[in-house]
Amino acid sequence: MTSPSQKETRGFETEVSRLLHLMIHSLYSNPEIFLRELVANAADAADKLRFEALARPELLEDGAAPGIWIETDPEARTVTIRDNGIGMDRDEVISNLGTIARSGTAEFIRNMSGDQKKDTQLIGQFGVGFYSAFVVADHVDVFTRRAGSATDTGVHWASAGEGEFTVETVMREARGTEIVLRLRESALEFADAFRLRAIIHKYAEHIPLPVHMRQPAGEAGVTPDWEVVNKATALWTRPRSEISDDEYKGFYQHIAHDFEDPLAWSHHRVEGKLEYTSLLYLPRRAPFDLYQREGVHGLKLYVQRVFIMDNAEQFLPLYLRFIKGVVDSSDLPLNVSRELLQKSEAIDSMRGALTRRALDMLGKLAGEQKDDYQAFWNACGQVLKEGMAEDPANRERVAGLLRFASTHGDSPAQDVSLADYVVRMKEGQEKIYYVTADNHAAASQSPQLEIFRKKGVEVLLLCDRLDEWLMSYLTEFGGKSLQHVAKGELDLGKLDSAEEKAEQEALQQAAAPLLERLRQALADRIGGVEVTQRLTDSPACLVRGQHDLGHGLRELLAAAGQALPEAKPVLEVNPAHALIRRLEAETGEERFAALAALVLDQATLAEGGSLADPAAYVRRVNALLLELLR
Ligand code: ADP
Ligand code: MG
């Protein structure tokens with residue numbers, strides 16, 4: 001039996017071991033990141049203590065002001081980071097620092113790109129920051145005691161980062177945590193107090209907690225005094241006019257654990273019935289868990305500057321989950337809980353206001369910095385689209401932020417807004433036209449676009465998985481209705497001249513006998529046959545009812561096990577096409593039926609659909625090929 005005070009040796013959890021191995025052997029190109037992570041942990045510990053002390057003031061013990069102290073010892077080659085925050089008890093040390101793999105551990109390993117610099121930067125986002133200590137240290141000692149517990153319950157954790165660590169219960173006067181890093185040969189630069197100061201300055205400037213370092217030059221034999229090296233005020237509480245862009249960016253990097261600058265931010269103090277300050281940021285890259293249902297998101301919540309919780313999800317709708325930031329309320333009770341947040345009218349009203357702020361921020365970026373907005377769209381646009389369904393109140397604004405590929409310019413880039421489209425609409429054009437398909441090539445080659453190309457009318461090309469679903473919420477923009485080019489009757493309105501309309505009428509009549517024959521030949525597969533107006537180069541295409549599901553959505557729902565109403569498409573044929581003329585001339589009924597089936601199969605394939613009986617299609621084509629080659 002191991003008595004609690006005894007020293008015990010334990011193995012790291014398997015994934016943690018793997019992670020440590022990676023840290024040590026492949027992530028040394030950006031070693032200074034360890035300071036950011038350890039300082040962030042110390043700041044978190046101070047926040048947690050302040051929060052827990054609200055209910056249990058005795059945790060503050062001597063009442064010493066919260067802070068972080070950092071020093072180096074060049075001779076011993078150590079860097080020490082100390083805080084007087086919440087600290088850890090023995091069980092917490094064991095589970096937090098080694099035996100329990102944090103959810104992000106495996107995720108981090110999976111997300112490693114092989115680009116060291118990038119990978120190192122990611123560490124903090126995956127909740128594995130502590131282990132970055134081993135990038136620079138070949139031995140790490142952690143001394144800690146949980147606030148409020150007896151001085152003989154201190155814990156000493158030690159490890160060289162290779163497979164094992166030890167824990168031992170020790171005496172410890174001070175509450176909080178002290179981490180001593182013995183620097184590797186390759187990381188000796190961090191023993192230099194000046195170098196260390198420069199880095200600390202970079203990472204600690206925005207921490208609302210004083211970070212102390214020794215004054216640079218002490219007289220020989222005299223230990224230099226501590227001095228505070230950062231501003232140590234909560235950035236969001238300062239007036240906007242006094243905060244520089246660099247400060248905003250630095251604070252973002254601190255809260256988001258991101259190494260890149262944000263694309264935009266929005267900082268507001270709201271006074272009146274509800275008082276709060278918010279600082280919202282738009283990241284440049286999508287967080288790794290953006291598309292995971294259980295991914296963490298939300299704002300950092302403070303109440304009267306006291307940190308309450310991370311990832312408070314109630315302040316923004318799910319479709320804005322890429323936004324990072326802080327909200328500091330003066331009205332919420334300090335003991336607010338997640339449950340309480342869920343059913344509070346004050347929160348609902350803040351959520352509405354913060355949503356509008358976030359959309360304003362996006363709108364401003366879209367208007368003023370197109371390239372940056374495009375970067376945002378490429379990273380997070382798919383999530384923003386969800387807002388069309390999730391947020392009816394802001395639907396028109398979200399619609400204005402959407403970006404699509406289009407036949408204008410024909411590049412697959414999604415960079416056309418509905419407003420851009422409307423500006424380019426032709427005279428007499430009343431609707432916004434779009435087509436959906438599985439990919440850009442299929443969309444842009446879609447036969448239904450032929451008439452639009454001919455008339456020079458732009459069509460939006462939608463090829464993301466959820467686009468069909470999205471479009472069921474986007475039926476109108478700026479008073480113009482949206483129209484799928486392969487659904488419903490094609491009414492080109494004033495785009496068609498009177499002559500064209502008459503011509504169409506004549507074609508329709510002339511083709512009546514052909515249509516009837518086709519109807520009979522294909523009766524069980526189609527809902528009708530019409531003369532098309534959509535095609536110029538193709539023989540035929542399929543058209544669905546205005547409110548029918550497209551084939552993409554049908555496949556999606558079918559895959560999810562949903563029973564679908566049967567909806568047979570209409571076959572539209574182009575009587576001017578040589579193949580249709582040949583069909584018309586065919587007198588053998590059997591052969592007519594085979595050719596008709598072929599035309600229908602091809603129209604199905606052209607829209608990216610799959611054939612119910614592909615083998616029959618192959619047989620028909622091969623029979624024709626053989627005739628040709630005879
Ligand atoms: P994260 O900070 O994202 O949770 P880390 O790997 O940085 O991940 O830290 C792991 C855990 O170890 C923290 O969640 C915390 O519980 C504990 N911890 C680390 N450093 C400290 C500290 N200075 N004081 C108290 N607890 C700490
Ligand atoms: Mg951390």
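The report below begins with conventions and then turns to the ligand, a salt bridge and a sheet.

This is a predicted model, in which local features need pLDDT of at least 70 and side-chain atom pairs count only at pLDDT 80 or more, while totals for chains, interfaces and linings use all residues. Residues are numbered from 1 along each chain as its sequence is written, chains are lettered from A and ligands numbered from 1 in the order in which they are written, and side-chain values use heavy atoms, with hydrogens and water left out.

**Ligand 1**

Around ligand 1 there are 13 residues, of which Asn41, Asp83, Asn96, Arg102 and Phe130 come nearest; a residue is near a molecule if one of its heavy atoms lies within 4 Å of it. By class, this shell has five nonpolar, five polar and three charged residues, where Ala, Val, Leu, Ile, Met, Phe, Trp, Tyr, Cys and Pro count as nonpolar, Asp, Glu, Lys and Arg as charged, and the others, Gly among them, as polar.

| Residue | Atom on the protein side | Distance from an oxygen atom of ligand 1 |
|---|---|---|
| Asn96 | N or O atom in the side chain | 3.0 Å |
| Gly129 | polar backbone atom | 3.1 Å |
| Phe130 | polar backbone atom | 2.9 Å |

The protein covers 85% of the 530 Å² of accessible area that ligand 1 has on its own, with areas taken from the Shrake-Rupley method with a 1.4 Å probe. Helix 2 (33-55) and helix 3 (90-99) are the elements that give two or more residues to the shell, and helix 2 supplies the largest share, three residues. Helices (H or I, at least four residues) and strands (E, at least two) are DSSP runs, numbered from the N terminus.

**Salt bridges**

The whole structure holds 40 salt bridges, each a side-chain nitrogen of Lys or Arg within 4 Å of a carboxyl oxygen of Asp or Glu. Arg197 pairs in this way with Glu227, their closest N and O atoms being 2.3 Å apart. This pair links distant parts of the chain, since Arg197 lies in helix 7 (residues 193-204) and Glu227 in strand 9 (residues 226-228), 30 residues apart.

An open sheet of three strands has the order 20-22-21, with mixed pairing; two strands pair if DSSP finds at least two bridges between them. Strand 20 (528-531) and strand 21 (540-543) stand at the edges with a single partner strand each, so one side of each is left without a neighbour in the sheet. Strand 20 runs parallel to strand 22 (residues 570-573) and is joined to it by four bridges, and the bridge partner of Val531 in strand 22 is Val573.

Terms used. A polar contact is a pair of N or O atoms within 3.5 Å; within protein, one must be able to donate a hydrogen and the other to accept it, and residues adjacent in sequence count only if both atoms are side-chain atoms.
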